[in-house]
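Student: Could we go through this chain by question and answer?

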Amino acid sequence: MLDVKLFQMETFLSEPYEDSLAPLLKSAHERLQDGSGLGGDFTGWVHLPRDYDKEEFARIKAAAAKIQGNSQALVVIGIGGSYLGARGVIDCLCSPNYNLKKKSTPNVYFMGNGLSADAMQEVLDLLEGVDFSVNVISKSGTTTEPAVAFRFFRAELEKRYGKEGARERIFATTDKARGALKSLATAEGWETFVVPDEVGGRYSVLTAVGLLPIAVAGVDIGALMGGAAEMMDLCAAKPSYECPAWRYAAARTALYRAGKPIEVLACYDPAFRFMLEWWKQLYGESEGKDGKGLFPASVEFTADLHSMGQYMQDGTRNIFETVVRLGASEHQLYVPRDEDDGDGLNFLAGKPMDFIRDRAMEGTLLAHTEGGVPNLIVEAGGKDARSLGQLIYFFEYACGLSGYLLEVNPFDQPGVEAYKKNMFALLGKPGYEERKAELEAKLNK
């Protein structure tokens with residue numbers, strides 16, 4: 001089971017913090033459990049691993065099997081929480097090079113998360129001569145980036161297969177009853193899956209939003225949900241520091257109050273890169289409000305030890321580090337012996353790569369703490385679907401606790417709407433004429 005360890009924390013916090021934060025954590029826990037806190041209408045994820053729609057779960061598996069049977073590629077169209085979780089899980093469990101591997105499952109391309117014409121054309125070119133399906137993910141159907149991308153890929157499907165053929169290859173994950181995408185899906189007869197009203201986008205990886213692409217890639221989504229359920233039960237049954245989410249939320253809150261406003265999440269496995277991106281969105285969008293919040297950053301070690309490592313070791317002392325340890329690698333490789341020992345590495349001959357990685361991790365841990373950077377360690381149970389399910393729920397629950405400790409609403413995102421309004425106005429969307437003139441005047445100053 002996942003665990004959280006605090007490394008030499010007494011060095012960085014002059015006074016014990018557990019007792020003072022315990023009643024606040026208890027209150028935050030109760031508000032998450034009963035949905036009575038700020039944004040409580042969006043806490044459906046708290047009990048989701050137990051209360052998820054079993055009938056829809058079966059339909060997700062069936063749709064994944066259908067896509068695997070008739071498609072060599074799946075284009076997943078979504079932005080933010082509509083794609084980061086799925087990409088993170090697929091990269092972590094299947095490989096960052098998933099699309100390059102020899103496999104029996106379709107390639108998965110993630111689109112609609114930017115506005116690059118070159119990126120769009122590249123994927124369209126990759127799909128030439130390839131049977132493909134599309135999973136478009138949007139609560140409203142009007143978010144600019146995915147809506148624009150869907151127009152291109154829907155047009156390609158209809159050109160290649162006709163409207164009838166395209167109907168069998170479009171899967172819409174959207175609102176259960178309303179919105180532009182839901183209306184379009186109903187009119188066109190596409191199979192639909194639900195973005196639950198009570199689950200915000202960045203907490204939605206364990207809904208159809210994430211589960212359909214993850215299942216298409218061949219990941220056991222039953223095991224993923226099972227791991228999340230194990231962590232959900234632990235968080236519910238242990239409203240105390242026995243719960244790893246309590247320990248993590250308390251430590252990061254105490255460090256924030258002690259003048260460490262930047263948290264850097266690190267992992268020593270390149271396959272974890274997009275899980276780091278998912279974590280940054282989860283915490284950045286949840287906590288960064290009202291002039292408050294830890295700034296979430298990430299690094300990939302050991303690669304970034306040769307770049308960001310310098311700053312972390314010797315730069316401004318306003319950061320702390322959280323290291324995710326995934327456990328043993330699936331493949332065990334041993335360093336070969338070189339008779340000439342020209343590189344001087346025969347002292348490592350016969351040692352497994354995991355041994356070298358772990359010593360690098362421990363050496364960095366000691367160097368950074370000695371250099372004034374507090375370290376937290378999240379020990380995952382392994383690198384498998386069940387362990388990753390535990391980790392996902394752990395980070396989600398700790399995020400909810402942390403938001404309430406900050407006294408912000410961890411489930412809204414008012415700042416995200418600001419750029420959208422400006423973009424709509426500058427693009428000439430009807431109803432934004434006055435704002436457009438105002439913004440253009442500012443840009444032309």
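Tutor: The questions below go from the whole chain to single residues. This is a predicted model, in which local features need pLDDT of at least 70 and side-chain atom pairs count only at pLDDT 80 or more, while totals for chains, interfaces and linings use all residues. Residues are numbered from 1 along each chain as its sequence is written, and side-chain values use heavy atoms, with hydrogens and water left out.

Student: How many helices and strands does the chain have?
Tutor: Helices (H or I, at least four residues) and strands (E, at least two) are DSSP runs, numbered from the N terminus. On that basis the secondary structure of the chain comes to 16 helices and 10 strands.

Student: What is the radius of gyration of the chain?
Tutor: The radius is taken over C-alpha atoms, and the globule rule is 2.2 Å times the number of residues to the power 0.38. For 445 residues a compact globule would come out near 22 Å, and the chain agrees with this at 23 Å.

Student: What share of the residues in the chain is buried?
Tutor: Buried means under 20% relative accessible area, exposed over 50%, and partly exposed in between (1.4 Å probe, protein chains only). Of the 445 residues in the chain, the buried share is 52%.

Student: What share of the contacts in the chain with a separation of 6 or more joins residues 24 or more positions apart?
Tutor: A contact means heavy atoms within 4.5 Å. Among contacts with a separation of 6 or more, residues 24 or more positions apart account for 77%.

Student: Which residues of H1 are buried?
Tutor: Helix H1 covers residues 18-34 and reaches 24 Å from its first C-alpha to its last, close to the 24 Å expected at 1.5 Å a residue; the expected span is 1.5 Å times one less than the number of residues. An α-helix has 3.6 residues a turn, so residues three or four places apart point the same way. The cover over the buried residues of H1 includes helices H9 (221-237), H10 (244-257) and H14 (385-406). Those buried residues are Leu21, Leu25, Ala28, His29 and Leu32.

Student: Is Phe150 buried or exposed, and which residues is Phe150 in contact with?
Tutor: Phe150 lies in helix H6 (residues 144-167). Its relative accessibility is 7%, so Phe150 counts as buried. The C-alpha atom of Leu184, 34 residues away along the chain, is separated from that of Phe150 by 12 Å. Leaving aside neighbours within four places in sequence, the contacts of Phe150 are Ile77, Val134, Val136, Ala155, Ile170, Leu181, Leu184 and Trp190.

Student: What is phi of Ser95?
Tutor: Most residues other than glycine have a negative phi, and most peptide bonds are trans. Ser95 lies in the loop between H4 and E3, and at 15% relative accessibility it counts as buried. Although Ser95 is not a glycine, its phi is positive, about 120°.

Student: What is the relative accessible area of Lys101?
Tutor: Lys101 is placed in the loop between helix H4 (84-94) and strand E3 (107-111). Beyond its neighbours within four places in sequence, Lys101 is in contact with Cys94 and Ser95. Lys101 is partly exposed, and its relative accessible area is 43%.

Student: What is omega of the peptide bond that joins Phe301 and Thr302?
Tutor: Thr302 lies in the loop between strand E8 (295-300) and helix H12 (308-314). The bond between Phe301 and Thr302 is cis, with omega about 15°.
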